[in-house]
Amino acid sequence: MFKDLGNGYVDIKDNSFGFVYKCYLPPIGYGLNAANGMVQETDIILNSEIPTEQLWERPTLPLDFKTRRAKEKQVQRIDPLYIDPYLEEIRKREWKRRLCGVWFWNYNPIEKESKLEYITGLHYFYITYWKFQGKFMDFRMPDKDFFYYVAYCMEDEKCLGTNELTKRKNGKTARAGCWGYERTSRLDFHHGGLQSKSDDDAEEAFRKAIIHPWQKLPDFFRPRYDLMKGEEPSELRFFATARRGSKAELEDETIEEALESFFDYKPSTESAYDGPELHTYISDEAGKTKKPVSIKERQNVVRFCTEIDFVLKGKHYYTTTVEPDKGKEENYEFQEMTANSNPMERDENGFTGTGLYTYFLPAQKGMFINQEYAKYGYADEEMNLQALNNKIKALEEKGDTRGVSSFKRKNPRNLKEAFSADGENALYDPELLQEQLDEISWGDSRTERGNLKWKDGVKVVRVEDDGFGGKKEVMNTVYWEPDEKGRWEKVMGWEPREPNNVYEKNGRYYPNGNYANRIGCDPFKYDKTKDKRRSQCAAFNYQLHDELHPNDIYNDMLTLRYAYRANSTHEANEDILMMCWWCGCKALFERNVNHWKNDFISWKCGGFLMYLEGEAEPGIYTDGTGSVTQTICRLTEAYINKFIKKVFFKTLIRKVTGWLDFKVEETQKFDEPMAVGFTLISAKTVKIKKKNESPTDNVENILPYNIAI
């Protein structure tokens with residue numbers, strides 16, 4: 001349906017990025033043959049002369065089909081060339097419909113008239129023969145559109161395949177299995193494969209979506225297969241039986257040539273399919289792939305088992321509900337993968353970033369509340385949307401923002417809601433957080449990655465010519481170097497107004513920009529956190545509100561982020577020193593871990609350590625009473641409510657690592673939220689006016705650095 005057949009087209013919206021798939025229709029009474037791409041005459045089905053009774057009814061084989069087929073097989077054991085002409089006509093008809101599709105009259109309850117609808121061969125096969133979990137599939141108009149889109153993708157030479165997102169219980173796994181089997185059981189020397197979110201899930205999906213429906217098919221849709229694999233095989237092999245017993249010989253007496261194609265499943269690991277050519281590939285529940293497996297890396301591997309030198313040798317089918325399983329982590333990699341499957345953004349070779357095209361079915365398009373509409377396969381979108389909105393409104397009126405967030409995630413009305421976080425247990429307002437996360441996740445990047453570096457690679461002090469043939473020591477400077485894999489992330493366009501605003505006094509170094517910036521740091525320990533991942537050092541810079549520049553867009557903004565597991569505490573502490581030096585400000589460290597103090601003092605940079613009022617030691621101590629954590633929660637909530645639109649760091653907001661999942665009883669799991677908490681505490685202490693005196697003046701004469709600042 002990718003090529004113009006001269007009979008008009010149907011627009012299928014992707015419901016994602018604004019792309020429209022222009023699906024070209026064959027002439028009435030004709031279909032597009034999936035095997036050769038040719039237009040071929042096919043059937044028009046009319047099951048009633050009364051318009052309101054015109055609807056899809058699943059065609060069934062004649063009652064005597066099985067008995068006549070049994071007799072035919074008996075004769076074929078004597079005369080292999082014998083064919084029952086009555087059965088052969090049925091087989092030819094059904095194969096024609098499987099390849100070309102059919103037209104049928106169907107009443108439209110919205111427009112109150114009957115219309116002639118075309119369904120593709122794959123769709124016909126799906127709703128006529130594909131028995132999934134004990135039942136046959138109903139005809140649904142959303143499925144008709146989806147199979148149009150699939151046909152479009154199969155014909156587009158620049159499309160690796162589909163990336164389908166839906167709500168739960170929408171038939172996605174059944175559709176994927178049907179697609180995979182239909183291709184592999186029709187094409188010779190063909191390799192089909194399947195992976196899922198875990199190894200066990202792959203086996204389950206293979207059995208329920210491939211093997212069990214295959215077992216229920218009539219024999220004319222079951223190619224010759226290896227009988228030694230049994231009726232419940234772990235691999236479906238369309239080969240002649242490898243070894244024969246007497247019973248196997250009787251069952252496999254046929255002149256049919258084996259396709260020598262096969263369909264298997266593999267573990268969920270990235271490299272499972274690395275190597276052999278892959279012609280048909282299903283990634284079931286791709287959005288729920290569990291760590292340590294990377295869905296992005298896995299897609300890179302399987303992609304190039306199919307795309308050889310920019311030529312596609314097969315097609316892929318990714319399908320998922322984006323809502324994670326209860327208690328499981330979000331898969332933000334899949335969100336990035338989906339963003340890179342946008343047909344409106346292609347490289348110079350004509351491919352999207354992943355090679356895939358995305359199709360999302362909103363909840364209101366896939367619900368069948370109105371049974372009168374459902375009878376004809378239609379969804380009453382107006383009724384469905386009203387029902388969804390009513391539920392959301394009821395939750396909002398109760399002030400249950402967490403319930404709102406959870407309901408939207410389970411019943412997404414648009415792609416952003418499909419990827420929204422389930423805020424059912426969120427400490428902070430999940431609606432505010434999710435709205436901002438959507439804003440920064442789907443548009444142009446608001447941040448850039450890079451590294452902070454000492455000039456000439458020398459820490460604190462460097463030696464340079466004095467202009468008289470000698471050498472002199474000067475305070476060094478830190479600069480920003482863009483790097484996609486850098487340790488730091490900063491807001492695009494931001495730099496300290498006065499970078500490297502540092503002065504020296506009596507051989508020691510002090511920041512002179514505390515009036516403008518503050519840093520908070522949650523250092524890492526050598527042990528592991530409760531979720532068995534290694535803790536990392538996290539730190540943020542906060543640009544204070546500047547009364548002289550009230551319109552500065554970076555005022556009251558977290559502008560610089562560091563979240564990294566360095567090779568040693570010494571290395572991490574030097575990274576934080578570079579942050580402080582570049583921003584010209586002090587840092588408030590958590591004092592429970594104080595390896596940083598001696599390092600800063602040894603570098604003669606103890607003046608960069610912040611003391612709280614009344615404290616004899618720098619930093620902040622989080623004791624067992626939870627008072628500091630409560631302060632962090634209070635300040636964070638106030639900041640989110642007032643300045644969430646100024647937060648551009650995704651990992652700080654996201655579940656697992658950020659505010660959407662933050663729990664006061666598990667602070668060790670949340671390095672970044674804790675670091676921001678320390679940053680906000682440091683920002684709320686007494687502000688310092690910009691020092692106008694000579695930097696050689698003693699700063700302690702103005703405000704001792706060992707009291708609150």
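In the predicted model, strand β26 (residues 517–522) is mostly covered, with 6 of its 6 residues buried. This burial involves both faces of β26: Asn517, Ile519 and Cys521 are buried on one side, and Arg518, Gly520 and Asp522 are buried on the other. Two strands pair with β26. Strand β27 (residues 537–543) runs antiparallel to β26 and is joined to it by 6 bridges; within this pairing, Gly520 stands opposite Phe540. Strand β29 (residues 587–589) runs parallel to β26, to which 3 bridges join it, and here Ile519 stands opposite Ala587.

A further sheet is open and consists of 3 strands in the order β5-β6-β7, with mixed pairing. Strands β5 (44–45) and β7 (113–119) stand at the edges of this sheet; each has a single partner strand, so one side of each is left without a neighbour in the sheet. The pairing of β5 with strand β6 (residues 102–108) is parallel and comprises 2 bridges. Ile44 has Trp103 of β6 as its bridge partner.

Helix α11 (residues 381–397) contains 17 residues, which at 1.5 Å a residue should span 24 Å; the C-alpha atoms at its ends are 24 Å apart, in agreement with this expectation. Its buried residues are Asn384, Leu388, Ile392 and Leu395. Seen down the axis of α11, these buried residues fall within an arc of 65°, and they therefore line one face of the helix. An α-helix has 3.6 residues a turn, so residues three or four places apart point the same way. On the other side of α11, Glu382 and Glu397 are exposed. The elements covering the buried residues of α11 include α12 (401–410). Just after α11, Gly399 adopts a positive phi of about 75°.

The cysteines were also examined. A search of the whole structure finds 0 disulfides. Cys153 is in no disulfide, and the nearest cysteine sulfur, that of Cys159, lies 3.8 Å away. Cys153 is buried, with a relative accessible area of 0%. Cys178 is likewise in no disulfide; for this residue the nearest cysteine sulfur is that of Cys100, 16 Å away. Cys178 is buried, and its relative accessible area is 0%.

Notes. Residues are numbered from 1 along each chain as its sequence is written. This is a predicted model: local features need pLDDT of at least 70, side-chain atom pairs count only at pLDDT 80 or more; totals for chains, interfaces and linings use all residues. Side-chain values use heavy atoms; hydrogens and water are left out. A disulfide is a pair of cysteine sulfur atoms within 2.5 Å. Buried means under 20% relative accessible area, exposed over 50%, partly exposed in between (1.4 Å probe, protein chains only). Two strands pair if DSSP finds at least two bridges between them. Helices (H or I, at least four residues) and strands (E, at least two) are DSSP runs, numbered from the N terminus. The expected span of a helix is 1.5 Å times one less than its number of residues. The arc is that of the directions from the helix axis to the C-beta atoms. Contact means heavy atoms within 4.5 Å.
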